[in-house]
Amino acid sequence: MLKKSIFITLLIVLGFGLYFNPNFKTISAGVAILLFGMIMLEEGFKVFTKGPLQNILKRATSKLYKGITAGAVVTALIQSSSLVSVITISFISAGLISLGEGLGLVFGANIGTTATAWLVAGFGLKINISALAMPMLVFGIVFSFQKKGSLKGVGNVLAGLGFFFLGIHYMKEGFDVFKEHIDLSEYAISGYLGVLVYTGLGIVITTILQSSSATLALILTALSVGQIEYENALALAIGANIGTTITAVLGAVSSNSAGKRLALAHFIFNVGTGLVAIALIFPLARLVNNLSGLLQIASTNYTLKLALFHTLFNVLGVLLMLPFLKVLERFLMRFFKENPNKDIDEPKFLNPAVLEFSGSAISALVQESKYLFKNSVFEIVAHALNIHRDDIKSSKNIKAIVKKSKTDFKTDVEDLYYKKIKTIYGEIIKYASTAQSTLSLNSKQNKAVTEIKIANRKMVEIIKDARELNKNITRVLDMDNKHLQSEYDSYRKKLTKVLRTIYRFRKTGDEKKYANQLKELKAEAKSHARQSNKSIDKLIRKNLITAEIASSLFNDYTNVNDMVKKLIDVAELLYGKTDSLFEDTDIN
């Protein structure tokens, strides 16, 4: 509803502006062209998020200062703090980095946004920018029509820069024409009242435009032609910084806990920095004047001074937040807790942000699938066999474990499926299908997503098989037939051995050894599936079991062999093949 209200407000403002003052159309066209340029820039840089960009950001988080620096440099280069924020949210959601490491990237991204002000003030307003924009547009469009992803990305970046500079050109021309009819500087308000009014105006403009960079470009072009006073421009810049948090908050509404935590951190940082800047605006303005002299910036060059002010208060905000980073992290973890008392389990790693990039989408899908297998499927199958997970994970003799495990766990497999499997399985399939239909996946990535879907489908089939097996295992416990109990104990031993081997396959360093063991178990299960169970035949011949029980035994014999094959297939898909597929994306 809030997004819809903002959209309607924007249309009304534009309609009134164009109707009552046709000269406003050049400015609004300039803003539209600039925003379109920023969208193309972001789309262009998304092509490179599959490898270099993600690697830079992920590896930079080992130290806080590295994270801040990487966030600032990358944002300055790609001109999109939202892109860095989305990548960071996807990393945290997929468990690739911690919340504290993500905060460093977001704080750095805030500093990186100041590059827009320097670009516009030091370059865009000083030369005939339209002359530079035209060649960029021409070459950009040519490259964007190429089939190769990297060339298309370069084309979008060039075209985006061209539209960005062209937008500044039209905005400047618009304000020049606008000045002949209305002088907005007449509405200047001095003192702290002006600071509060224009900060509020900056928040409103940024909320409507959904881009602090576009707001800053608008402020700078208006300032360059004298349409606003320098003092009020400073307050507008502060408002733009605060207003940009609205985008992050709106984006986090449908996100998981990781996304919500980062959005709240972004909000706290920007609002806190804004309040400090408001309180210290005049001392900071004097500091800018002193630094301008040292940097040889003319006292009347208000656009460069505004860029310097914007950088100063953002850097100051980071410096003020650093001592409280751990406190902020603890607060965010407490504020957005994972609810352990939910009746139905929900996805842990999946949120809308991961679908922005192919690498993060695949990583989150694998992490979610592994989590589902480890914490739900493994547990349900173990309890369906009336065996404790700790016994399976131990080095105890399997025959001894099965022999002592004669207690009915009263496991309701059907209920556990609906509580622990069904919702997460549905979300994994939905996200996997969305990734394949909307993202530009290469052949290996597409294969990885397909195998993730197969692995999850097999997990569901395993649970359904375990439900039927559990009914008969439980029934046999109350029967005084040692021969029958011996048969079901052999089934339990076979599945326990497979579960233990899978556990060691994914947990120990000797993957090759246990991978070979799994292959042998799988081959054995395939062989048994094609053969009759001689021990059941023998029980039938000696009239030790009824025809009805024999039928159940044969069904469960087939069932167990199918479960063995499916369990091993899942282990290979999640812990074997997909790992090699990730070597190309550096995500695992």
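1. Salt bridges, to get the term out of the way: a side-chain nitrogen of Lys or Arg has to sit within 4 Å of a carboxyl oxygen of Asp or Glu. By that rule, K404 and D391 pair up through their side chains, at 3.9 Å from N to O.

2. Before going on, a word on what we're looking at. This is a predicted model, where local features need pLDDT of at least 70 and side-chain atom pairs count only at pLDDT 80 or more, while totals for chains, interfaces and linings use all residues. Residues are numbered from 1 along each chain as its sequence is written, and side-chain values use heavy atoms, with hydrogens and water left out.

3. Back to the K404–D391 salt bridge. K404 belongs to helix α20 (residues 398-404) and D391 to helix α19 (residues 389-393), so this pair ties together parts 13 residues apart in sequence. (Buried is under 20% relative accessible area, exposed is over 50%, partly exposed is in between, using a 1.4 Å probe and protein chains only.)

4. Now the overall fold. The protein chain has 26 helices and zero strands; both are DSSP runs numbered from the N terminus, helices being H or I with at least four residues and strands E with at least two. Of its 588 residues, 52% count as buried. Taking contacts (heavy atoms within 4.5 Å) between residues at least 6 apart in sequence, 79% join residues at least 24 apart.

5. As for the surface, the protein chain exposes about 26900 Å² of accessible area, 59% of it belonging to carbon and sulfur atoms. The areas come from the Shrake-Rupley method with a 1.4 Å probe, and for residues only the protein chains shown count as cover.

6. The salt-bridge count comes to 17. One of them joins E572 and K522, with the closest N and O atoms 3.3 Å apart. E572 is in helix α26 (residues 547-581) and K522 in helix α24 (residues 511-529), so the pair ties together parts 50 residues apart in sequence. K522 is buried, at 15% relative accessible area.
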